[in-house]
Amino acid sequence: MNESPENWNLETLLVHTGEHQVPQDVAQQGMPTTLPIYATATFLHADADALDAAFEPTPPDEPPVYSYARHGNPTVVGLERAVAAAEGGKGAVAFGSGMAALHAALLAAGLAPGETVIAANNLYGATTNLLLKVFAPMGVNVVLRDVTDTAATCQAIEQEQPTVILLETVSNPLLQICDLPALAAAARKVGAVTVVDSTFTTPIVLRPLEHGIDIVVHSATKYLGGHGDALGGIAVANSGFHLDALSGYVRMLGGVLSPFEARLISRGLKTLALRMERHCENAAAIAEWLAQDARVSRVHYPGLPAHPQHELAGCLLRDHRYGGVVSFEIRDADRAVVHRFMDALRLCLCGTSLGDVYSLLSYSALSSHRTLTPAQRAEQGISDGLVRLSVGIEHASDIIADLDQALAACQAGA
Ligand SMILES: *Cc1c(COP(=O)(O)O)cnc(C)c1O
């Protein structure tokens, strides 16, 4: 590549100078410690033959060759490799959001008109909408089930012979857990592909591929990024076949992750293990404190013996870590009381997300389950007094003190 010939004019120099530092110079210049943000849409090659070759898929054991950023970007590939390694998968594909990752994962798993998906009936709201408002009208048979009933779900898998099974490791906001190994085995028997959203657990708490799952999906917006500053998603495949399908769909659907967000999420990943340890320790301490408080009528946390799947959680979740999210019901609280509770909080932020370093409180009736009627919510076990706390990495006693004063304030104000 000829850079800046002397006869170029200023306009031309401004456009072209300084950009094309060829990679072989890197060894002499000093290798950057962290992967640079490759803010580039296309990649240039030495000659037309090399450009021609760059459009061919690279063999898996050779370093990737880039042509166009929708087909791959080094900053994004750096993140994909780290998450694939953390999940123990064959490879990963990053997306612009968790929902884009779920969409592509369902397609990669083979969901198409005339096929059946068995999915949990307590999925993240947007995921349920994806199934009911995008896939069902295309002719996909969507079967929603209580997947915490293992025997009945295994029986349904045998009867319905689904193409895809879609589960979450821990549900929102009641933090229910399904028997992943048993459901994965039942799926395998009928040749169904299993897709699991592991956003709430991360590879620190659970590695679904080890339990026979085919594709793991994350909203990287949550724990993987961890700082509330980037939106992203990622899907990890256990086989080359599903990895190729995911790569194909991200190129066609175009929901790629930007290299800027990829860099933020890669930076987040470096402290994921440390953060998850603190999230889980804090959440356990807060769940115990809430459970003994008379102003709280019910606490949902898989680490508490009273949780309906506590024993299963103990077997499935790694190192007795039960996650960083705690849900609880303020005793006899209606919407007005919960609003007063939220307004009284000083440390916990009332924000619709989870997995950040900050403690975040979300009111299900107002956010994730807003479109349901109170009766529909009650049917799912979500009362008007239920709130979800994504426990941050602050000092546990400061979070407890904040909850304590807000619980006092909301009931005093009645
Ligand atoms: C947030 C979330 C999603 C959606 O992810 P986005 O990054 O917001 O698109 C999917 N599943 C779960 C469990 C989530 O918490």
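User: What counts as a salt bridge here, and which residue meets Arg295 in one?

Analyst: A salt bridge is a side-chain nitrogen of Lys or Arg within 4 Å of a carboxyl oxygen of Asp or Glu. This is a predicted model. In it, the side chains of Arg295 and Asp293 form such a pair, at 2.8 Å from N to O.

User: How many salt bridges does the structure hold?

Analyst: Six. One of them joins Arg321 and Asp319, at 3.7 Å from N to O. In another, Asp384 pairs with Arg377, with the closest N and O atoms 3.9 Å apart.

User: Which residues are linked with Arg295 in a network?

Analyst: Asp293 and Asp404 are linked with Arg295 in a network of salt bridges.

User: How do I read burial, and is Asp293 buried or exposed?

Analyst: Buried means under 20% relative accessible area, and exposed means over 50%. Partly exposed lies in between. Asp293 has 11%, so it is buried.

User: Next, charge on the surface. Which residues gather in a patch of negative charge?

Analyst: Asp and Glu count as negative. Here Asp47, Asp49, Asp52 and Glu56 gather in a negative patch on the surface. Asp47 sits in the loop between α2 (26–29) and α3 (48–54). Its relative accessible area is 45%, so Asp47 is partly exposed.

User: Now the backbone. Which residues other than glycine have positive phi?

Analyst: Among them are Gln161, with phi near 45 degrees, and His320, with phi near 55 degrees. Gln161 lies in the loop between α7 (150–160) and β4. His320 is in the loop between α13 (310–316) and β9 (325–330). Gln161 is partly exposed at 47%, whereas His320 is exposed at 61%.

User: Which peptide bond is cis?

Analyst: The bond from Asn172 to Pro173, with omega near -5 degrees. Pro173 lies in the loop between β4 (164–168) and α8 (180–189).

User: Last, contacts. What does Gly96 touch beyond its sequence neighbours?

Analyst: Contact means heavy atoms within 4.5 Å. Leaving aside neighbours within four places in sequence, Gly96 contacts Leu231, Gly232, Gly233, Gly255, Val256 and Leu257. Gly96 is in the loop between β1 (91–95) and α5 (98–108). From Gly96 to Glu261 is 165 residues in sequence, yet 8.5 Å in space between C-alpha atoms.

Key:
Residues numbered from 1 in each chain as written. Predicted model: local features only at pLDDT ≥ 70, side-chain atom pairs only at ≥ 80, totals over all residues. Heavy atoms only, no water. Patch = residues over 30% accessible without salt bridge, like charges linked within 9 Å, V, L, I, M, F, W, Y side chains within 5 Å. Areas by Shrake-Rupley, 256 points an atom, 1.4 Å probe, with all protein chains shown as cover. Charge placed at Lys NZ, Arg CZ, Asp CG, Glu CD. Helix = DSSP H or I, 4+ residues; strand = E, 2+ residues; numbered from the N terminus. Buried < 20%, exposed > 50% of the residue type's maximum accessible area, 1.4 Å probe, protein only.
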